[in-house]
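This briefing sets out selected features of one structure, grouped by topic. Please read it alongside the sequence and the model shown here.

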Amino acid sequence: MRFGFDIDDTLINLREHAFHLYNQKLKQSVGLEAFRELKRVEIHEPFGLTDEEGKEMWNRSLEEIYYTSCPAYPGAVDMLNELVNQGHEIYYITSRPKEHGERTKKWLLERGFPVQDHHFFYGMKDSEKVDIIRELKLDFYFDDKPEVLETLSDEAGVKVFVKDQSYNRHIELARVNNWPDFSF
């Protein structure tokens, strides 16, 4: 079988990691309850930042957000390695900018994710993910972003799963809450 995975907020807890960094950088102590109630992907509102200020902060902090101590979700690395051990193919499809692609691949490998060069796609817009998923003829695909998930929900041949986040609870697809509890 062919499995496709988004990375950020599907396999790794990127936004919560960034939320902690924002607290440090802005010298604030906004609690995680505010993070868990967000109805948007963007995390800046609880810190009192405008959309423009939030985008600027995110872009200015990408190095720290992407390459420091961002944790994988519990069980994610083990599950992907088990799928590979069972003979399945794993594909990563991320919208991370091109300039971060190769470094992201290395970062994932260092954390134990099973990554093959020709199974790693990056640098596209969310809307372009759908084209790659079609071309790869995936059997299963996992993502957190409503824009991607809603486009894929009508896609024949691929079983789409949503990685549960506060901003995607309105999507009615099979849901992954915790990787250790997930089964096909």
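Strands β1 and β2 pair in the parallel sense over four bridges, where two strands count as paired if DSSP finds at least two bridges between them. The model is predicted: local features need pLDDT of at least 70, side-chain atom pairs count only at pLDDT 80 or more, and totals for chains, interfaces and linings use all residues. Residues are numbered from 1 along each chain as its sequence is written, and side-chain values use heavy atoms, with hydrogens and water left out. Helices (H or I, at least four residues) and strands (E, at least two) are DSSP runs, numbered from the N terminus.

**Strand pairing**

- F5 has F142 of β4 as its bridge partner.

**Helix α6 and its cover**

- Helix α6 spans residues 126-136, and D126, K129, V130, I132, I133 and L136 are buried in it; buried means under 20% relative accessible area, exposed over 50% and partly exposed in between, with a 1.4 Å probe and protein chains only.
- An α-helix has 3.6 residues a turn, so residues three or four places apart point the same way.
- The cover over the buried residues of α6 includes β1 (2-5), β2 (89-93), β3 (120-121), β4 (140-143) and α7 (146-152).
- K137 follows α6 and has a positive phi, near 50°.

**Loop residue L49**

- L49 belongs to the loop between α2 (32-36) and α3 (51-67).
- Its relative accessible area is 19%, so L49 is classed as buried.
- Neighbours within four places in sequence aside, L49 is in contact (heavy atoms within 4.5 Å) with L26, H44, G54 and M57.

**Aromatic pairs**

- Rings of Phe, Tyr and Trp (its six-membered ring) pair if their centres lie within 6.5 Å; planes under 30 degrees apart count as stacked, over 60 as edge-to-face and the rest as tilted.
- By this rule the model has 15 aromatic pairs.
- One of them is the stacked pair of F3 and F140, at 4.8 Å centre to centre and 15° between the planes.
- That pair links distant parts of the chain, with F3 in strand β1 and F140 in strand β4, 137 residues apart.
- Both F3 and F140 are buried.
- F142 and F182 form an edge-to-face pair, with 5.6 Å centre to centre and 85° between the planes.
- This pair likewise links distant parts of the chain: F142 lies in strand β4 and F182 in the segment after β6 (174-176), 40 residues apart.
- F142 and F182 are both buried.
- A cluster linked by ring pairs contains F3, F5, F140, F142, F161, W179 and F182.

**Charges over rings**

- A charge sits over a ring if NZ of Lys or CZ of Arg is within 6 Å of the ring centre and within 35 degrees of the ring normal.
- R103 places its charged end over the ring of Y67, 3.8 Å from the ring centre.
- K159 has its charged end over the ring of F161, 5.3 Å from the centre of that ring.

**Largest pocket**

- The largest pocket holds about 780 Å³ of space.
- Its lining comprises 32 residues, of which V41, E42, W58, D126 and K145 are the closest to the pocket centre.
- A pocket is an open set of points on a 1 Å grid over the protein atoms alone, where a 1.4 Å probe fits, with protein on both sides within 12 Å along at least five of seven lines; lining residues have an atom within 4 Å of a point.
- Grid points are joined across faces, edges and corners, and the volume is the space filled by probe spheres set on the points.
- Helices α1 (14-25), α3, α6 and α7 each supply at least two lining residues, and the largest share, seven residues, comes from α3.
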